[in-house]
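Here is a short report on one structure. Keep the sequence and the 3D view open as you read.

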Amino acid sequence: MLKISTIIIILSFILVTNTLAWDLGKEGRFQFEQVNDNVYVMHGPREEPNPDNYGFMNNPGIIVAEHGLIVIDPGSAYPVGLEVLKEIEKISTKPVLAVFNTHVHGDHWLANQAIKEKYPQARIYGHPAMIEQANGDTGLYWVDMMERLTDGKTKGTRVVAAETAVTNSQTIEVDGQIFKIHSLIPAHTNTDIMIEHVNSKTLFTGDNSFNQRMGRFDETASMMGNIKALEYALGLDIKTYVPGHGQSGSSDTAVKPFLNYLKRVQQVVEAGFEEELQDFEIKDRIIAQFEDYSSWAGFDINFGKHINSMYLEVEKAAW
Ligand SMILES: [Zn+2]
């Protein structure tokens, strides 16, 4: 039986650990957790950007190397980056050597600013199209949108884009850690890279995969391309998948549910298209079949849009 003093020590440890985590009020407490050897992820809220979360909703990752750290997608804004850095330092106080940005959506990379401010030598990697878009109107659009959706909480955030371009099949070594780039675009966007940490068999899928959450497909996206990218990802020798949003895990939990969802959307839209139904008619007819997905964050706002986007792709493929 445990002694009272032991119980008190355990309880106070739990209390201290929780108190130290980044507290975002009703959004929850956030800290890095180990998902694989030398790999840590802070799983963000599955919400949309709002004043309570400062736009933080993604999954910043870190890889601990011998002399420093490699960061994947540090987050949505300058103040978020400062908090992510505080949480990083609880895992390791080694300097950040490099950053990878998975794609151009601002919730993943606007926190680059905080990293670069503290570690000016850190090299930031991204797809060439991502670098171009982030330095252009798209970057400014995201800065502005984050500020609006958070009621100004992200004020002071500015574009600090990746400067080092990486392309499909490229291998990069940072401090003894090997990263392989997989870029099958268009998928979630036309700027996506998936980052394989070869040493630990971890794949950072970016927003090509979500867990228990829906996301939007912008005008550069291809839902069918997203299906191909995820099928490809399943063929890699990977132990841990880190989705863009939602919990990390095996392919069964972190990839296949979203992939199956996309495939079912394609299937019902193709069937409806054959019958010459319009997208809204397809949605009304099949929504009950998607009951299993209705608990996923963002289902209500995104489902109709997904049917519409897939309809446009099926229509285009039929030409
Ligand atoms: Zn995205």
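The report covers a metal site, a helix residue and a helix pair.

## About the model

This model is predicted; local features need pLDDT of at least 70, side-chain atom pairs count only at pLDDT 80 or more, and totals for chains, interfaces and linings use all residues. Residues are numbered from 1 along each chain as its sequence is written, and side-chain values use heavy atoms, leaving out hydrogens and water.

## The zinc site

Four residues hold donor atoms for the zinc ion: His103 (NE2), His105 (ND1), His188 (NE2) and Asp207 (OD), at 2.1 to 2.2 Å. Donors are N, O and S atoms within 2.8 Å of the metal (3.2 Å for Na, K and Ca); water is not among the atoms, so sites may look incomplete. Along the chain, the spacing reads H-x1-H-x82-H-x18-D.

The 4 donor atoms subtend angles of 86 to 168° around the zinc ion, so the arrangement is irregular. Four donors count as tetrahedral if all angles lie between 85 and 135 degrees.

## Asn302

Asn302 sits in helix α11, residues 299-318. Helices are DSSP runs (H or I, at least four residues), numbered from the N terminus. Asn302 counts as buried because its relative accessibility is 3%. Leaving out residues up to four places away in sequence, Asn302 touches Met214, Gly215 and Arg216 (heavy atoms within 4.5 Å).

## Two helices

Asp279, Ile282, Lys283 and Ile286 in α10 meet Phe303, Gly304, Ile307, Asn308 and Tyr311 in α11.

Note on methods: Tetrahedral: all angles 85-135°; square planar, octahedral: opposite > 155°, others 65-115°. Buried < 20%, exposed > 50% of the residue type's maximum accessible area, 1.4 Å probe, protein only.
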